[in-house]
Amino acid sequence: MMEETGLRPDGTRILCTHTGSLPRPRALTQLHARRARGEAVDEAALVQAARAAVESIVPKQVGAGIDIPNNGEQGRESFVLYLRDRLTGLGGESRRTGWQDVDAYPEFKAELQAAYAGKETASMTTNLPAAIGPVRYVGEAAMRAECEEFQAALEPARDRIAGAFLAAPSPGIVAAVVQNRHYDSEEAYLAALATALRSEYAAILEAGFTLQLDCPDLALERHASFRDEPLANFIAFCEKVVTAINCAIEGLPRDRIRLHVCWGNYEAPHDADVPLEEILPTILQARVAGFVLPFANPRHAHEHRAFRRLPLASDQYLVAGVIDTLTNFVEHPEVVAERLERIADSIGDPTRLMAGTDCGFDTAAGRGRVAPDVVWAKLRSMREGADIASRRLLG
C-alpha cells in the first residue's frame, strides 16, 4: 500500500503531477482500438501488453521528474469507456452531440475528420453503449488487479516519489457518454451511477492512492449536449452532478481526492467554451481537497484570476495545468515558471500549488496529438520550470 502522506503540496517545493493518460505503445493501442470497435481480440495478449506498458511508463514518469505519477491509463481504452466492462445494464447505442466550436467551422471540421481518417484509435463518439438496465458495479476484480499491477510497478521508485494517483470518471461524464434509456429521471440515473462508481473510488483510496475524479462534463457539456440550451440549464446539470459526486465520496478521505475539469481534450477553436467564472461556484461545491484545471492552452490561460474572487477553502489546493497536451511545442522552463508564479498570485498561497498538465496526452487510445518523445520532453521542462518557480516563491 502507498504511503498516505505527501499527496498534497508540501510547502518546500512545487510538486509535479499530470492529469492521467500517457502515450500507449502502438501494439497496445491497436488492441484497444479493435476491442472498442467490437472486434474479437486476444484478451490475454491485451492484459500482458498493458502490464508491460505500466511497468515501462512508471520509470519514465519518475525520470521526467514527476512526483505523483499514475499508471498512464495503459490498460484502459479511454478515460471513461473502460467502464463498459465494469458496469451492468449497458447495451444498445448512445449518440453523442457534436462540439459546437467544431461545427461552427466547416473547413476546420473537414480537416479534423481527415486527420483521423484511417487512424487506429478508440473512438469517443462511436460504438457507445447506453444504459438499458439497472447500472451496478461488477469491476471489483478488475480494479483490484489494476491497483496491484500499479503498486508492483511503483515498487522500485518508492523513495523517489511523493505519492501516486489513479483516476476514475465522474457520474456526470458517464451519463453524458452512456446515455440513459432505463431510469425515469436524470437524477435517478446520476444517483445510480454514483452508487456504482463509489466502489471504484473506494478501491483506489483503499489501495493507498490519491483518487482523481475526471469531470470534463462540468465544462465540456456546455458546448456539447447543452449547446442549444440556456446557461442556467447547464448549471443546473452541473449542480446535479456535483451532488452525485458528493454522495459517491461521502465518508471517503477528502484530503486524498482531487477533481479534474476541462473543456474537452481536442484541438479546436474552443470559442464556445463556457468561462470558468460561470462554473467555478458549482465546481467548488465538490467536497474534495484538490482541483486540477487547465491554464496552459490559449483559451483558458488567463482564467486562474477567477480564484481572486472565488478563493479555495483553507484546506484545498490547485494542480495548475502549465503544459499544453495538444501541441508539440515544448514549453520553456521559464514559461512554466512564469505561469506558476501568476497562478500562485491568484490563489494567494504558493504552498497550495502543484504543477500539472492541461489534460491527458492520450485520453482515448490513439487519439493523442503529441508525439511520445515530445511528451517526455514537455514533462521534463515542467519539472525544470517548477524548480525555478519554487526558488522564487518558496525560497
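By class, eight nonpolar, no polar and one charged residues line the largest cavity; here Ala, Val, Leu, Ile, Met, Phe, Trp, Tyr, Cys and Pro count as nonpolar, Asp, Glu, Lys and Arg as charged, and the others, Gly among them, as polar. You're looking at a predicted model, where local features need pLDDT of at least 70 and side-chain atom pairs count only at pLDDT 80 or more, while totals for chains, interfaces and linings use all residues. Residues are numbered from 1 along each chain as its sequence is written, and side-chain values use heavy atoms, with hydrogens and water left out.

**Exercise 1. Find which residues line the largest cavity.**

Step 1: On a 1 Å grid over the protein atoms alone, a cavity is a set of points where a 1.4 Å probe fits but cannot get out; a pocket is an open set with protein on both sides within 12 Å along at least five of seven lines; lining residues have an atom within 4 Å of a point.

Step 2: count and size. There's one cavity of 30 Å³ or more, and the largest cavity holds about 40 Å³ of space. Grid points are joined across faces, edges and corners, and a volume is the space filled by probe spheres set on the points.

Step 3: name the lining. Look for Val 80, Leu 81, Leu 83, Arg 84, Leu 87, Leu 90, Pro 129, Val 174 and Val 178.

**Exercise 2. Work out how α1 lies against α2.**

Step 1: find the helices (DSSP runs of H or I, at least four residues, numbered from the N terminus). Helix α1 covers residues 26-36 and helix α2 residues 43-63; their axes come within 9 Å and cross at roughly 135°. Axes are lines fitted to C-alpha atoms, for helices over the stretch in contact, and angles run from 0 to 180 degrees between N-to-C directions.

Step 2: classify the angle. That makes α1 oblique to α2, because angles under 35 degrees count as roughly parallel, over 145 as roughly antiparallel, 65 to 115 as roughly perpendicular and the rest as oblique.

Step 3: pick the hand. α1 passes α2 in a left-handed crossing (near helix turned anticlockwise from the far one by less than a right angle; clockwise is right-handed).

Step 4: list the contact (heavy atoms within 4.5 Å). From α1 come Leu 28, Leu 31, His 32 and Arg 35, which meet Glu 43, Ala 45, Leu 46, Ala 49, Ala 50 and Ala 53 in α2. Sorted by class, that's seven nonpolar, one polar and two charged.

**Exercise 3. Describe the second largest pocket.**

Step 1: its space is about 470 Å³.

Step 2: of its 19 lining residues, Leu 46, Val 47, Gly 75, Arg 86 and Ala 142 lie nearest its centre. The elements giving two or more residues to this lining are α1, α2 and α5 (140-154).

Step 3: the lining splits into seven nonpolar, three polar and nine charged residues.

**Exercise 4. Describe the crossing of α12 and α13.**

Step 1: the axes of α12 (residues 333-347) and α13 (residues 372-394) come within 7 Å and cross at roughly 50°. That makes α12 oblique to α13.

Step 2: α12 passes α13 in a right-handed crossing.
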